[in-house]
Each structure stands twice: as structure tokens, then as C-alpha cells.
Amino acid sequence: MHEEKRKLPLHFYQSEDVISIAKSLLGKQISTNINGNVTAGIIVETEAYMGITDKASHAYNGRFTNRTKTMFEDGGITYVYLCYGIHSLLNVITGPKDTPHAVLIRAIEPTTGIDIMLQRRNMTVLKSNITKGPGALSQALGVDRDINAMDLNGDIIWIEDVSYPLNKKQIVACPRIGIDYAGEDALLPWRFYIRDNIYVSRPVKGL
DNA sequence: CCAGGGATGGACT
DNA sequence: GTCCATCCCTGGT
């Protein structure tokens, strides 16, 4: 089988429904090829950011800056930005042009190139924190701001359907992390993760 | 120019 | 549980 055929098609990303895309990305495999080093993992945690109406979004109220201009491009590219001066956070841009919706990838379950990921994370033993959390998974995949605005159907970074078994009962929806500044929007249940997966960054108690 | 703040993670108690 | 490194981005002067 030729791997190109499993890559998610452009129309997957260009739907207006960023909530559905955030849920659909669970169980998909994201891969990078950085200077010939291929690493990959199954997406197990995402958050949706709904363009100009979402107070937690960088593009809230149509904010268009040198940083956020990537969000206004056609869906199907990456958006990588620096958080807290240290961490590169990886998003998938969705929707048509000028609809700045995004899905933050918050955790993956490593599948390919674990030795390379361990090196990048400066770890010697495989533990779940290798890719637990958005900053950690970016480091493991070798993603930094050089990967910003990159085509998700290219050869550097891509997402594919690997028929990961998943049913809707395994998907937990809860409020997003670290966005207290967003007022009432901080309560929206736009964080999604796979129940009981050990790579999820902060499972909700009791679920 | 400059101050304030942040979609976090790791170390520590 | 608490603390805080670290630096770009933003908006205001």
C-alpha cells in the first residue's frame, strides 16, 4: 500500500466544523520527517479554537498580526507558536481561507521513531511524559517554529488514518486547559481526549 | 521603545 | 500541591 493514500484529504481540514474535526483527529496518526528522521504518534488529545468568536483564540475578534496571519490561510496547514517563551505548540489550521479555526494537538501516543523522540526529549527510559502535553509532543516530533504554516499533505509533516480502533464512548469532552483569561468561553467543552489513555496530559477526575 | 502576559513543563515540598 | 524559567507577541506610548 502506498502511504500517500492514507493521508487525510484536503477537504477533511476545510470543513467549517472545527469541533467535529477536533474529535475526528483523535486516533489519527501524525508524523514528521525532520532531516530524514521519521517520528510519529497517535493523536489522543485535542482542543478546538473557534476563530474570531472564541475569546481563547489568538484570532479572537479578527486579530490579524504577523503571528496569527497563518490562522487565516486555507485549512490543511500547521500553526506553530512559542508559548511561555519555551514551548512550541502545534496546531492544525482548519476551515476555508479567512476562517481562522484551529485544533491544538495536546498529546500523542508514540508509534514510530521512539529512540529519536527519547533523544530529543533528553530521556533514556520510555515514560508517558515523552509526548504528554503540547510542548512535550512538539519537542518529541522535532516541531519548532520552522514548521509553522507548513502543508499537512507534504513530506515534512502529515496526518494519516491508520484505522486506530475508537468508538464515541471513549471520547471525553471537557473544558480547555490554561485559558482562564477567556471568561465564559473557558467553560466551553472543546477539549477532547481518549478515555484511559496514559498519554493524555491531564485526565479529568472521575471520568 | 517598552511593559505585561502567556493554549507549559519540570523541579520541588 | 507550589513555584518559576524564559522570550516572543502584542498593544500602548
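A polar contact is a pair of N or O atoms within 3.5 Å. By that cut-off, a phosphate oxygen of DNA strand B, 3.3 Å from a polar backbone atom of A136, makes such a contact. The model described here is predicted.

**Surface near DNA strand B**

- There are 22 residues around DNA strand B, and H87, N91, R121, G133 and Y181 come nearest.
- By residue type, this surface has 12 nonpolar, seven polar and three charged members.
- Sugar or phosphate accounts for 55% of the atoms of DNA strand B within 4 Å of the protein, and bases account for the rest.
- On the base side, a polar side-chain atom of Y81 lies 3.1 Å from a base nitrogen of DNA strand B.
- On the phosphate side, a polar backbone atom of G135 is 2.8 Å from a phosphate oxygen of DNA strand B.

**Surface near DNA strand C**

- The residues around DNA strand C are R63, T65, R67, T68, L82, Y84, G85, I86 and R145.
- They divide into three nonpolar, three polar and three charged residues.
- Of the atoms of DNA strand C within 4 Å of the protein, 76% belong to sugar or phosphate, with the rest in bases.
- The side chain of R63 has an N or O atom 3.1 Å from a phosphate oxygen of DNA strand C.
- The side chain of R67 places an N or O atom 3.0 Å from a sugar or linking oxygen of DNA strand C.
- G85 uses its backbone: a polar atom there is 3.4 Å from a sugar or linking oxygen of DNA strand C.

- S138 has a relative accessible area of 0%, so it is buried.
- The S138 side chain reaches the backbone oxygen of S88 at 2.7 Å.
- Beyond its neighbours within four places in sequence, S138 is in contact with S88, L89, L90 and V143.

**Nonpolar cores**

- The largest nonpolar core has 42 residues, and those with the most contacts inside it are L25, I30, I43, L90, V92, I105 and I159.
- Another core lies apart from it, with 16 residues that include A59, F72, I77 and I179.
- Leaving aside neighbours within four places in sequence, the contacts of I159 include L25, I30, I43 and V92. R6, K7 and K28 are also among the residues that I159 touches.

**Salt bridges**

- Side chains of opposite charge can pair when their charged atoms come close. The structure holds six salt bridges.
- E47 pairs with R106, the closest N and O atoms being 3.7 Å apart. E47 is in strand β2 (residues 37-49) and R106 in strand β5, so the bridge ties together parts 59 residues apart in sequence. Both E47 and R106 are buried.
- R176 and D54 meet at 2.7 Å, N to O. R176 is in the loop between β7 (171-174) and β8 (191-194) and D54 in the loop between β2 and β3, so this pair ties together parts that are 122 residues apart in sequence. R176 and D54 are both buried.
- K55 and E184 form a salt bridge at 3.2 Å, N to O. K55 sits in the loop between β2 and β3 and E184 in the loop between β7 and β8, so the parts tied together are 129 residues apart in sequence. K55 counts as partly exposed because its relative accessibility is 33%.
- E45, E47, R106 and R191 are joined into one network by salt bridges that share partners.

**Residues with positive phi**

- Most residues other than glycine have a negative phi.
- Y84, in the loop between β3 and β4, has a positive phi near 55°. Its relative accessibility is 72%, so Y84 counts as exposed. Y84 is also one of the residues around DNA strand C.
- D98, in the loop between β4 and β5, has a positive phi near 70°. At 54% relative accessibility, D98 counts as exposed.

Conventions: Residues numbered from 1 in each chain as written. Chains lettered and ligands numbered in written order. Predicted model: local features only at pLDDT ≥ 70, side-chain atom pairs only at ≥ 80, totals over all residues. Heavy atoms only, no water. Near = heavy atom within 4 Å. Polar contact = N/O pair within 3.5 Å; in protein donor to acceptor, adjacent residues only side chain to side chain. Nonpolar A, V, L, I, M, F, W, Y, C, P; charged D, E, K, R; others polar. Core = buried A, V, L, I, M, F, W, Y, C linked by side-chain atoms within 4.5 Å. Buried < 20%, exposed > 50% of the residue type's maximum accessible area, 1.4 Å probe, protein only. Contact = heavy atoms within 4.5 Å. Salt bridge = Lys/Arg side-chain N within 4 Å of Asp/Glu carboxyl O. Helix = DSSP H or I, 4+ residues; strand = E, 2+ residues; numbered from the N terminus.
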